[in-house]
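Hi,

Here is the structure I promised to pass on. Have a look at it first, then read on for what I found.

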Amino acid sequence: MTDARHGTAPLTFLKGHGTENDFVIVPDPDGLLDLSAAQVARLCDRRAGIGGDGLLRVVRSAAHPEAVDLADRAEWFMDYRNSDGSIAEMCGNGVRVFARYLQRAGLAEAGDLAVATRAGLRQIHIAKDSGDGAPGDVTVGMGRAAFPGGNVTVTVGNRTWPALNVNMGNPHAVVFVSELTDAGDLYQVPGVAPAEAYPTGTNVEFVVDRGPRHVAMRVHERGSGETRSCGTGACAVMVAAARRDGLDPAETGSPVTYTVDVPGGRLVITENTDGRIEMTGPAVVVAEGVAEAALLAGTLSS
């Protein structure tokens, strides 16, 4: 196969989204591609590339050194990159879109499957299509939330709020505000302190209440900026809201479900009595095509 690193071959891709958190999907079952951070950033560029909040490379677990140990439990590995090309551990919306691609490509069927990620194995259920042919929602087992502890604050402009440090396989700082506009334009990375709480940076979620067990959020994703949705962020928000409301399924003995509205739609998040979190929402593949070799090489004329 021609080496895509040097832009000498076109690249087959698809485009998909989950609650408008959108991704470039690159099938690479045998792990032959070596996309650099710069190439990922070009593909995700919304004006000069295909455009996306991130990139999903579809690789057989046995063909990727980071996933080979999981190959006996999950055939497919989600190599997720942020839109700036940086590597990320997990993406909740992305793994739903990843599963939808596998279904579309005939590599998975409605029902249960496992996907390997850098945050570990994720169990997925693809619901059957509805009677009108609309694709069924996808439910993802997101693992358990961890609470690293310590006092954390988030600052936007001259306002500072206390935040909860939540880890969903990737880091989050969750802050409850009066209005979603309190987050500002989110063009700049919100200030988070202390810096040592997040040595590799963090996603920041701003949350307001909409009703009983119903919240809405905006998010600044590490390496991507503000996005229309963030699956791991919605899970972090759900557990933060539940703890704020005095709800811990491990103590009450009953699962807790919250509805989380994001700018791109709605997600339903459940925390079970064993601490495992499930996220349910839509996933859509909207297009496929071929990227010019010159885009990968960075030689397209401006």
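How much accessible surface does the protein chain have, and what share of it belongs to carbon and sulfur atoms? The surface comes to about 13000 Å², and carbon and sulfur atoms account for 49% of it. Accessible areas here come from the Shrake-Rupley method with a 1.4 Å probe, and for residues only the protein chains shown count as cover.

Before you go further, a word on the source: this is a predicted model, where local features need pLDDT of at least 70 and side-chain atom pairs count only at pLDDT 80 or more, while totals for chains, interfaces and linings use all residues. Residues are numbered from 1 along each chain as its sequence is written, and side-chain values use heavy atoms, leaving out hydrogens and water.

**Overall build**

The protein chain has five helices and 18 strands; helices (H or I, at least four residues) and strands (E, at least two) are DSSP runs, numbered from the N terminus. Its radius of gyration is 19 Å, which agrees with the value near 19 Å for a compact globule of 302 residues. That radius is taken over C-alpha atoms, and the globule rule is 2.2 Å times the number of residues to the power 0.38. Of the 302 residues, 51% count as buried (under 20% relative accessible area; exposed is over 50%, partly exposed in between, with a 1.4 Å probe and protein chains only).

Contacts tell you about the fold too. Among those in the protein chain with a separation of 6 or more, 62% are between residues 24 or more positions apart (contact means heavy atoms within 4.5 Å).

**Salt bridges**

The count comes to 21 salt bridges, each a side-chain nitrogen of Lys or Arg within 4 Å of a carboxyl oxygen of Asp or Glu.

Take Arg222 and Glu89, whose side chains meet at 2.7 Å, N to O. This pair links distant parts of the chain, 133 residues apart: Arg222 is in the loop between strand E13 (214-221) and strand E14 (225-227), and Glu89 in the loop between strand E4 (76-82) and helix H2 (92-104). Arg222 is buried, at 14% relative accessible area, whereas Glu89 is partly exposed, at 24%.

Glu226 and Arg218 form another salt bridge, at 2.8 Å, N to O. Here Glu226 is partly exposed, at 32%, and Arg218 is buried, at 14%. Elsewhere, shared partners join Asp28, Arg57, Glu66, Asp79, Arg81 and Arg118 into one network of salt bridges.

Cheers
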